[in-house]
Amino acid sequence: MNGRLESELKLANFIRKKLENCPAFVKEWELSLEASQKTGETRRDYLGKVIKFLKTINNDIRDIEPSNISYQNVAKYFISIQTKNCSNDCVANTSDSYKQGTWYALYSLLQFLKIRNYISENYLDTINKPKNNDLAKINDKRILLNSNDFKNILLAV
């Protein structure tokens with residue numbers, strides 16, 4: 001077995017185990033992600049974020065029905081992920097990429113539920129997708145090579 005296939009099988013097994021404790025609508029949604037050829041990593045990430053959200057509604061997520069999801073649940077959850085607790089009792093801002101990834105995961109679930117007529121609207125249609133300024137911060141610190149630098153590296157090899 002090659003490394004890539006083995007990795008995909010591990011991810012599929014991990015997702016399958018996570019889904020065991022999920023309500024039927026989450027299993028259907030995850031199946032739609034797989035049918036849409038989302039990667040195993042994306043499906044694992046989305047599923048983790050959705051489970052975390054659902055646990056804010058009811059810690060035993062097996063009892064949750066789509067009708068339990070409301071605009072208030074979604075809005076309060078997005079407010080709650082703006083910051084995170086650090087290990088040394090401090091509070092820090094959550095990264096833009098985490099907020100954006102959470103938005104995409106929940107948008108995907110809510111859009112699926114809307115299309116399948118489990119809910120009447122996608123509540124994230126009224127909550128703007130977070131902007132991702134993380135890349136700009138990273139790019140500001142990058143040092144780019146010019147053509148002379150590149151030539152010197154090639155000559156050094």
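Lys131 touches Asp96 and Gln100, residues up to four places away in sequence not being counted; contact here means heavy atoms within 4.5 Å. The model is a predicted one, in which local features need pLDDT of at least 70 and side-chain atom pairs count only at pLDDT 80 or more, while totals for chains, interfaces and linings use all residues. Residues are numbered from 1 along each chain as its sequence is written, and side-chain values use heavy atoms, with hydrogens and water left out.

Lys131 lies in the loop between helix H5 and helix H6 (134-141). Helices (H or I, at least four residues) are DSSP runs, numbered from the N terminus. With a relative accessible area of 66%, Lys131 is exposed; buried means under 20% relative accessible area, exposed over 50%, and partly exposed in between (1.4 Å probe, protein chains only). The C-alpha atoms of Lys131 and Asn68 are separated by 28 Å, the two residues being 63 apart along the chain.

Two further residues of the loop between H5 and H6 were examined. Glu121 lies in this loop and counts as partly exposed, at 40% relative accessibility. Asn117 is a residue other than glycine, yet its phi is positive, near 60°, and at 69% relative accessibility Asn117 counts as exposed.

A positive phi occurs in another loop as well. Gln37, which is not a glycine, has a phi of about 65°. Gln37 lies in the loop between H2 and H3 and is exposed, with a relative accessible area of 70%.

The packing of helices was considered next. The axes of helix H2 (residues 24-35) and helix H5 (residues 96-115) come within 10 Å and cross at roughly 105°. Axes are lines fitted to C-alpha atoms, for helices over the stretch in contact, and angles run from 0 to 180 degrees between N-to-C directions. H2 is therefore roughly perpendicular to H5, a term that covers angles of 65 to 115 degrees. On the side of H2, the contact is made by Phe25, Glu28, Trp29, Ser32 and Leu33, and on the side of H5 by Ala105, Ser108, Leu109, Phe112 and Leu113. These residues divide into seven nonpolar, two polar and one charged, where Ala, Val, Leu, Ile, Met, Phe, Trp, Tyr, Cys and Pro count as nonpolar, Asp, Glu, Lys and Arg as charged, and the others, Gly among them, as polar.

The largest nonpolar core has 32 residues, and those with the most contacts inside it are Trp29, Leu54, Ile69 and Val74. Such a core is a set of buried Ala, Val, Leu, Ile, Met, Phe, Trp, Tyr and Cys residues joined through side-chain atoms within 4.5 Å. Two or more residues are given to this core by each of helix H1 (3-19), H2, helix H3 (40-57), helix H4 (71-80) and H5. H5 provides the largest share, seven residues. Leu54 touches Phe25, Val26, Ile61, Ile64 and Ile69, again without counting residues up to four places away in sequence.

Cysteines were examined last. With a disulfide defined as a pair of cysteine sulfur atoms within 2.5 Å, the count comes to zero disulfides. Cys22 counts as buried, at 5% relative accessibility, whereas Cys86, at 27%, counts as partly exposed.

Terms used: Angles under 35 degrees count as roughly parallel, over 145 as roughly antiparallel, 65 to 115 as roughly perpendicular and the rest as oblique.
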